[in-house]
2 protein chains.
Amino acid sequence: MSDLLSEKTPIRARHIRPGQGQAVEMKSGELLQIQTLQGKQVADFVAFTQGDTNEYLSTSVTRATNGNIVPQLGMTLYSNRRQGMFEIVEDTVGRHDMLYACCDPIRYENLGAPGHANCREALAEALESYGIGYDRIPSPINWFMNVSIQQRGELEIREPLAEKDDYVVLRALKDVIAAVSACPQDLVPTNGSNPTDLAVRVYRDEPLPPPPGKEDQQESAEYADAVPGPVAATNLTPRPARLRDTAEATVYRVERVDTGMPD
Amino acid sequence: MSDLLSEKTPIRARHIRPGQGQAVEMKSGELLQIQTLQGKQVADFVAFTQGDTNEYLSTSVTRATNGNIVPQLGMTLYSNRRQGMFEIVEDTVGRHDMLYACCDPIRYENLGAPGHANCREALAEALESYGIGYDRIPSPINWFMNVSIQQRGELEIREPLAEKDDYVVLRALKDVIAAVSACPQDLVPTNGSNPTDLAVRVYRDEPLPPPPGKEDQQESAEYADAVPGPVAATNLTPRPARLRDTAEATVYRVERVDTGMPD
């Protein structure tokens, strides 16, 4: 479990099955955790500004402003107005994509599977109540998607490096609507050829309660307005931060430091 | 001069100065030539479907459907509905970008040059009469932009490989509104640190007149409704197709073949 989140309880939680999308509202400063429950599952992610959905998370502005094509720890994610929308504050995988479009009906027609569930329609359905339709789904960030770039610019989709319970945590930098779909792609290795469920949780980013002086009294901070969804709001079993550095990805050990959180 | 275009006269032409944008309408089958007149000049390019501007050229769908991040000869450019909008039918450079966002006011603020001319506002101005504003400018294709990707995904902007009079030619696959801006970036090497002018010309893609039997009677096909803009409609001096294959780019020799054009 995340160092940032290990003593907190989510104020919103969603369980997302392959082919489904879910939208959550977040206030500036809140934290969004996106987790693959079985591993090797891609989460397509888009976001809009609350109350002004003409502003949206832009992968091209994010690439340009960061000078990098890979979403990674510490990176700010920018809107089409070049305003910060999120910061990546935790990442247990280190390998994600912001080059690919959502899978859509024609993608599956081309693969000989017309009528297949797809991320673009799932996100449009999740955002319908905000008046955001199919045409307005932006280029997503595809958390956990493992895309390799070859010598001549060729893209190759590989199995995700994400293992069971791996996750990213984003801090919202403004009030946003975030939407996530669990990619149902089972015809190519996008999801290890076996799409599985995601969990999405929103946490307040408040300072933890002061230490009570006794270790056994340190309990989870509970929020009065917590409205857990189908995902149990209890925290998952803590596991140590990992550190891998492979030819394919840098995986960061995430350590909570005093200066890393606002007072 | 292009083999495809060498015997034709443009039906529309635009001269674009750095920081300016121009929109042109094209019918399905027409050809769009985008040319750097002095070399090393980037052309930011966006497009929408005529009469239904919720459909637009999508770089992420184009990358995903082609499985490649580099626009190149023979590639189809797709819309956000995964419909073909253009085919790249000629390319004398072989090095372009579809990763970067347009430069915009905040980009120049960050570079210490507030108020600098920029592509995003130039394109929005060019598209204003179609009701397409600043927020709706999609991620562009940046013709002639030379972006290198490093080991960890870092992007590096280099001088364009395009030399004087280099160009691309796109065939429209549906009726479109295309808009081009001449990037005014003079603070980094995007345009060789010296932005210069572009020419944009639209040609009909009609079969050439049948050979008259005598070579000296083969003259340029003139179209009654040709309305040349500020760019002289006379063709530029023909130059031989080039062929380079470097570590950075593949440059194709373009040869007209009988099967390459509709009858």
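Among contacts in chain A between residues at least 6 apart in sequence, where contact means heavy atoms within 4.5 Å, 77% join residues at least 24 apart. The model is predicted: local features need pLDDT of at least 70, side-chain atom pairs count only at pLDDT 80 or more, and totals for chains, interfaces and linings use all residues. Residues are numbered from 1 along each chain as its sequence is written, chains are lettered from A and ligands numbered from 1 in the order in which they are written, and side-chain values use heavy atoms, with hydrogens and water left out.

Chain A holds three helices and 15 strands. Both kinds of element are DSSP runs numbered from the N terminus, helices being H or I with at least four residues and strands E with at least two. Of the 263 residues in chain A, 55% are buried. Here buried means under 20% relative accessible area, exposed means over 50%, and partly exposed lies in between (1.4 Å probe, protein chains only). The accessible surface of chain A is about 10800 Å², by the Shrake-Rupley method with a 1.4 Å probe, and for residues only the protein chains shown count as cover. Carbon and sulfur atoms account for 46% of that surface.

In chain B, six strands form an open sheet in the order β1-β13-β3-β11-β7-β6, with antiparallel pairing. Strands count as paired if DSSP finds at least two bridges between them. The edges are β1 (12-16) and β6 (76-78) of chain B. Each has a single partner strand, so one side of each is left without a neighbour in the sheet. From one strand to the next, the twist averages 20°. Axes for such angles are lines fitted to C-alpha atoms, for helices over the stretch in contact, and angles run from 0 to 180 degrees between N-to-C directions. His15(B) has Ala199(B) as its bridge partner in β13(B).

Helix α3 (residues 119-126) of chain B is mostly covered, with six of its eight residues buried. These are Cys119(B), Arg120(B), Ala122(B), Leu123(B), Ala124(B) and Ala126(B). The buried residues of α3(B) pack against β2 (21-26), β4 (43-49) and β12 (176-182) of chain B. Ser181(B) belongs to strand β12 of chain B. This serine, Ser181(B), is buried, at 0% relative accessibility. Ser181(B) and Leu123(B) lie 58 residues apart in sequence, yet their C-alpha atoms are 6.2 Å apart in space. Beyond residues up to four places away in sequence, Ser181(B) touches several others, including Cys119(B), Ala122(B) and Leu123(B). Ile16(B), Ala43(B) and Leu198(B) are also among the residues touched by Ser181(B).

Strands β4 (residues 43-49) and β5 (residues 52-56) of chain A pair in the antiparallel sense over two bridges. Thr49(A) has Asp52(A) as its bridge partner in β5(A). The hairpin of β4(A) and β5(A) has two residues between the strands, and Gly51(A) takes a positive phi near 80° there. Most residues other than glycine have a negative phi. Lys40(A) sits in the loop between β3 (31-36) and β4 of chain A, and is partly exposed, with a relative accessible area of 32%. Ser193(A) is not a glycine either, but has a positive phi of about 65°. Its place is in the loop between β12 (176-182) and β13 (198-203) of chain A. At 45% relative accessibility, Ser193(A) is partly exposed.

The two chains superpose with an RMSD of 0.0 Å, chain B being laid on chain A by a turn of 180° and a shift of 0.0 Å along the axis. The copies are thus related as by a two-fold rotation axis. Superposition is by least squares on the C-alpha atoms of residues with pLDDT of at least 70 in both. Leu99(B) comes closest to the rotation axis of the residues of chain B, at 4.0 Å (C-alpha).

The contact takes 40 residues from chain B and 40 residues from chain A. Of the interface residues of chain B, 100% are also interface residues in chain A, so the copies meet through the same surface. Between them the chains bury about 3100 Å², with 43% of it on carbon and sulfur atoms. Buried area is the accessible area (1.4 Å probe) that two parts lose on being put together, summed over both. In chain B, Arg82(B), Asp135(B) and Arg152(B) lose the most area to chain A. Together these three residues give 22% of what that side buries.
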